[in-house]
Structure formats: C-alpha cells, structure tokens
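This report walks through one protein model, heading by heading. Keep the sequence and the 3D view open while reading.

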Amino acid sequence: SPGRMCATCGSSHLTSAPALRAQASVEEYIASHSLERTLTGVVNELLAALPAEPYPFLAARLRAVAAGAPIAEPAAAAAEEEAAELLPEISTYLKAHDVADVIEGCVNSAVIARSPTPLLTVADLLEAKGGGAVGKFTTTAEVRQTFVDFFCQTKGVPHTFWASSPVVPLNDPTPEGV
C-alpha cells in the first residue's frame, strides 16, 4: 500500500511501508553489528596513518577488531569548525583512493548478504580491492575464479559451485536448429 509522499520528489518510493521496514531492517543490522562505530574508528586510524595502500590497512584493522582488538576512539574536536573541515592532504588522500565509495560498496555488499560476520566480509572485499590476498588480475579467468571463490567460501551464506556448461547439453540427441 502506498505511504506518505516523499518531500523531495513527490513519489512514495521512500515512504511506503515496505520501504520503511526495509530501511529499519538495514539500520537494525548495522547497529547490531556496530558497523558505524567500528568503521568510523578504523577510518580515523587510516587517516592518522595515511598508508600508501589503504585497503590492506583497513582490512587488517577490521580483522583485528573482529578478533577483539580495541578501536581507537576519536578525539573530541576542539571546535565545531575543526570537525567540519578536512585538512587538504586528507581530502586529497581520500579522493585519490576513492575510500568513501569503496567502503560504502563493501558495506552494502555485507548488508545485502546479511553476513553474520560483516566486519570480516568487508575486510575480504577491501583486501580484494587493494590486491591483498587476491592480487592483481591478469586474465578474465582469474576474475571469474575470484568471484566464484568468494561466494563459495563466504561463511554463513553458503553457495554451491556448479561447473559451467553449454546452453545445449552435451550429447544432446535433438537436431540443431529445431
């Protein structure tokens, strides 16, 4: 059933009852796994260190936090203006490595999959992005195999591998073109 009208565009896409329930479900999932607090702390650590390769750094920190390591709590900003503006070198670093978009994509993947261990799922995806355990791809076969391996090895959301096969079954006795 349609809900209230969206104040921005006038449609009911964001305010329908199913959309509101889905949004509440996502927010509950994020809160139950402390994703926002954890990612904020880990990103703050990233910005303090500014490593040449951010994704292996983030993946390692997320794995450590998942194993029980503490998160560095952000220091309180001395003034509201300081909290609102990024230093130019940090802004450049974030843009150069596309950190916000990459993290958002990884988190979205974990949320969609409803991974029981979202920190580890995000760490796996970040590691793959940074060339950590996966490495740089040189062939399409490597890309495909990495994709298959990820879904077959994801804990909590098992997938079964089925070997590729042609559209027409092997040894098909029917004549072609019928």
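## Terms and ground rules

Buried means under 20% relative accessible area, exposed means over 50%, and partly exposed lies in between (1.4 Å probe, protein chains only). Helices (H or I, at least four residues) and strands (E, at least two) are DSSP runs, numbered from the N terminus.

The model is predicted: local features need pLDDT of at least 70, side-chain atom pairs count only at pLDDT 80 or more, and totals for chains, interfaces and linings use all residues. Residues are numbered from 1 along each chain as its sequence is written, and side-chain values use heavy atoms, with hydrogens and water left out.

## Overall build

The protein has eight helices and zero strands. Along the sequence, the pattern reads α-α-α-α-α-α-α-α. Of the 178 residues, 24% are buried.

Contact means heavy atoms within 4.5 Å. Among contacts with a separation of 6 or more, 54% join residues 24 or more positions apart. The accessible surface (Shrake-Rupley method, 1.4 Å probe) is about 12,100 Å². Carbon and sulfur atoms supply 61% of that surface.

## Confidence

pLDDT is the predictor's confidence in each residue, from 0 to 100. Its average over the protein is 77, and 74% of the residues score at least 70. Among the elements, H3 has the highest mean, 93. Helix H4 (residues 80-84) has the lowest, 49. Over residues 77-82 the pLDDT is below 50, and this stretch has one contact in the model beyond near neighbours in sequence.

## Helix H3 and Arg61

Which residues of H3 are buried? They are Pro54, Tyr55, Leu58, Ala59, Arg61, Leu62 and Val65. These residues cover an arc of only 165° around the axis, so they sit on the same side of H3. The arc is taken from the directions from the helix axis to the C-beta atoms. The length agrees too: 13 residues at 1.5 Å a residue should span 18 Å, and the end C-alpha atoms of H3 are 18 Å apart. The expected span is 1.5 Å times one less than the number of residues. After H3 comes Gly68, with a positive phi near 115°.

Arg61 lies in H3, which runs over residues 54-66. Arg61 counts as buried because its relative accessible area is 17%. A polar atom of the Arg61 side chain lies 3.0 Å from the backbone oxygen of Pro70. Beyond neighbours within four places in sequence, Arg61 contacts Val42, Glu45, Ala69, Pro70 and Ile71.

Helix H6 covers residues 99-113. Its 15 residues should span 21 Å at 1.5 Å a residue, and the end C-alpha atoms are 21 Å apart, which agrees. The buried residues of H6 are Val99, Val102, Ile103, Cys106, Val107, Ala110 and Val111.

Asp98 sits in the loop between helix H5 (88-97) and H6. Phi of Asp98 is positive, near 55°. Asp98 is partly exposed, at 37% relative accessibility. On the other flank, Arg114 follows H6 and has a positive phi near 50°.

Thr121 belongs to helix H7 (residues 118-130). Is Thr121 buried or exposed? Thr121 is buried, because its relative accessible area is 6%. Not counting residues up to four places away in sequence, Thr121 touches Ala110, Ser115 and Phe150. Ala110 is one of the buried residues of H6.

Ser34 is in the loop between helix H1 (17-32) and helix H2 (35-49). Its phi is positive, near 50°, in a residue other than glycine. Ser34 is partly exposed, at 33% relative accessibility.

Terms used: Polar contact = N/O pair within 3.5 Å; in protein donor to acceptor, adjacent residues only side chain to side chain.
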